[in-house]
Amino acid sequence: MTITCAIIDDEPLAAGLLESYAKKTPYLDLKGIYNSAILAMKDLRDNPVQLIFLDIQMPELSGLEFAKILPRETKVIFTTAFPQYAIEGYKANAIDYLLKPISYEDFLKSTDKALDWLSLSMKQDAYKRDRFMLVKNDYKLQRICLDDILYIEGDKDYVSFVMKSGEKVSTMMSLKKLENYLPQPEFLRTHRSYIVHMPEAQLVDRLRIVFGDVYIPISDHYKEAVGEFLDQHTLA
């Protein structure tokens with residue numbers, strides 16, 4: 001996978017260092033270097049990139065201000081010499097925050113996070129679009145249609161998909177990892193051991209989702225998210 005990226009930094013030395021790092025990182029495709037967010041604005045609107053290395057302190061328009069007007073799909077790694085901006089950077093939904101002077105080791109750690117995030121995002125988009133996933137089952141790849149899932153049960157290193165047909169398909173994977181792949185809030189974690197396909201929930205009894213004679217618990221940790229989904233679909 002290749003990530004298209006740009007650098008926005010008003011310090012020539014800092015921008016040059018990031019440029020050298022980006023050019024020797026095989027999965028980065030550097031599309032532009034800008035010394036202000038104002039100059040970058042039109043170019044990146046017409047030719048968007050997936051990742052921006054964005055200095056926070058810049059004249060006219062700061063990195064934090066610029067990040068707020070970027071498309072949601074454009075991810076940001078903030079760069080700055082001032083550690084007090086770290087919390088603001090994370091509030092702006094940045095993938096990471098690099099403190100100058102930046103080492104190549106730290107640069108790679110941040111770009112690896114971006115690579116992981118974008119890979120996951122592409123899988124999520126594919127699952128939403130095509131409505132199926134392939135899972136390993138007894139040395140075979142088995143197709144799982146999202147619309148056919150009732151709920152998913154986790155047991156240590158395995159998850160089991162319980163289908164509308166009554167079929168149960170197991171594969172080696174953590175429930176947490178699977179949760180990240182599935183479209184939400186269509187699929188909601190209700191308990192440390194369960195993910196429920198919420199549109200298939202026919203009956204909610206107290207703190208349990210009922211499928212026939214199976215009762216899926218709703219634990220305190222996930223009660224708020226499940227309650228919000230139910231409220232949105234409850235006729236007052």
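## Strands 11 and 12

Strand 11 and strand 12 (residues 194-197) run antiparallel and are joined by four bridges. Phenylalanine 187 has histidine 197 of strand 12 opposite. Strands (E, at least two residues) and helices (H or I, at least four) are DSSP runs numbered from the N terminus, and two strands pair if DSSP finds at least two bridges between them.

Both strands belong to an open sheet of five strands, ordered 10-9-8-12-11, with antiparallel pairing.

## Basis and confidence

The model is predicted: local features need pLDDT of at least 70 and side-chain atom pairs count only at pLDDT 80 or more, while totals for chains, interfaces and linings use all residues. Residues are numbered from 1 along each chain as its sequence is written, and side-chain values use heavy atoms, with hydrogens and water left out.

The mean pLDDT (the predictor's confidence in each residue, from 0 to 100) is 90 for the chain, and 96% of the residues score at least 70. Where pLDDT is low, predicted coordinates should not be read in detail.

## Hairpin of strands 6 and 7

Strand 6 runs antiparallel to strand 7 (residues 140-145), with six bridges between them. The two form a hairpin with two residues between them, and aspartate 138 in the turn has a positive phi of about 55°. Leucine 134 stands opposite arginine 143 of strand 7.

Helix 5 (residues 104-130) has 27 residues and spans 38 Å from first to last C-alpha, close to the expected 39 Å (1.5 Å times one less than its number of residues). Arginine 131, which follows helix 5, has a positive phi near 65°.

The whole structure holds seven aromatic pairs (ring centres of Phe, Tyr or the six-membered ring of Trp within 6.5 Å; planes under 30 degrees apart are stacked, over 60 edge-to-face, the rest tilted). Phenylalanine 53 and phenylalanine 107 are stacked, because their ring centres are 5.0 Å apart and their planes at 20°. Phenylalanine 53 is in strand 3 (residues 51-55) and phenylalanine 107 in helix 5, so the pair ties together parts 54 residues apart in sequence. Tyrosine 104 and phenylalanine 107 are also stacked, with centres 6.1 Å apart and planes at 20°. Ring pairs link Tyr21, Phe53, Tyr104 and Phe107 into a cluster.
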